[in-house]
Amino acid sequence: MLAYFKKKWAQGPKLRSVAACSGGMAAVEMAFILPLFIGLTAGGVEVTYYSNTRMKLAQLALHAADHASRMGTSTVLQNLPVNDGDVNDVMAGTLLQGDSIDLRNKGRVIISSLQQNSSGGQWIAWQRCDGNPLYDSTHGIEGNGKTGTSFPGMGYNGKKITARAGEAVMFAEIRYKYEPIFDIFETTDEEYIISEIATFNVRDDRDISRLYRTSGAPVKTC
């Protein structure tokens, strides 16, 4: 029996010929390269999707601030009064523009009126929100800075936006929960929240003493 196996071994492929065989090399190379290729492809798709989403949110915040700076009921007898119905229209339009990224269900539109208080300090005179997620503004809430001068304004540290005396700045913020296509990395929900801001000075002579109520229009406080 042993002699039989020795004979078969002698007739079989030599070790040198096995070493020279390259028939399975492509499969081995593919096994090494394919995970890297899939990772790079998925990463490229994810970065592109994230960049497009962020750019869309930045444009929506810009449009919201721009429209908020123009709103008001035209009159020749007094400065333009602004009411809750006007603000609601701006936020509804922003949510409608964001339908392609489901902004209503994944994000929050926050519009604030930044003004000066009686002491010359910065003050969030009013703030309105719309969108299903209950995200708070990361730059201040209504009533901040009502008295004194301790409130520095709205925006990022070192780049705070401030209002001049007798004027108002419309500060628009959009907070949005980003849902990646490929959930590759384990992160907390908070790390997926994107925040984009934009500001515009009020364009016309506006009555900034208060935000007027409109019959039938809901007050969408934050």
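Where does Asp 102 lie? The views below, drawn from a predicted model, take up this residue and other parts of the chain.

**View 1. Asp 102 in the loop between two helices.**
Asp 102 lies in the loop between α4 and α5, the latter being residues 103-106. Its phi is near 55°, which is a positive value in a residue other than glycine.

Five helices and four strands make up the secondary structure of the chain. Of the 222 residues in the chain, 36% are buried. The chain exposes about 13700 Å², and carbon and sulfur atoms supply 58% of that area. Taking contacts between residues at least 6 apart in sequence, 67% join residues at least 24 apart.

**View 2. The open sheet of four strands.**
The strands are arranged in the order β2-β1-β3-β4, and their pairing is antiparallel. Strands β2 (122-130) and β4 stand at the edges with a single partner strand each, so one side of each has no neighbour in the sheet. On average, neighbouring strands of this sheet are turned by 20° against each other, direction ignored.

**View 3. The pairing of β3 with β4.**
Strands β3 and β4 run antiparallel and are joined by nine bridges. Strand β3 covers residues 169-177 and β4 covers residues 193-201. Arg 175 has Ser 195, in β4, as its bridge partner. Strands of a sheet pair through backbone hydrogen bonds, in either a parallel or an antiparallel way.

**View 4. Helix α4 across the sheet strands.**
Helix α4 is formed by residues 84-97. The helix lies across β1 (107-116), β2 and β3. Relative to β2, helix α4 runs at about 55°.

**View 5. A nonpolar surface patch that includes Ile 181.**
Which residues make the nonpolar surface patch of about 320 Å²? Val 45, Tyr 49, Ile 181 and Phe 182 make this patch. Ile 181 is placed in the loop between β3 and β4. Ile 181 counts as partly exposed because its relative accessibility is 44%, between the 20% and 50% limits of that class.

Definitions and conventions:
Residues are numbered from 1 along each chain as its sequence is written. This is a predicted model: local features need pLDDT of at least 70, side-chain atom pairs count only at pLDDT 80 or more; totals for chains, interfaces and linings use all residues. Side-chain values use heavy atoms; hydrogens and water are left out. Patches are made of residues with over 30% relative accessible area and no salt bridge: like charges are joined within 9 Å, nonpolar side chains (Val, Leu, Ile, Met, Phe, Trp, Tyr) within 5 Å. Accessible areas come from the Shrake-Rupley method with a 1.4 Å probe; for residues, only the protein chains shown count as cover. A salt bridge is a side-chain nitrogen of Lys or Arg within 4 Å of a carboxyl oxygen of Asp or Glu. Buried means under 20% relative accessible area, exposed over 50%, partly exposed in between (1.4 Å probe, protein chains only). Contact means heavy atoms within 4.5 Å. Two strands pair if DSSP finds at least two bridges between them. Axes are lines fitted to C-alpha atoms, for helices over the stretch in contact, and angles run from 0 to 180 degrees between N-to-C directions.
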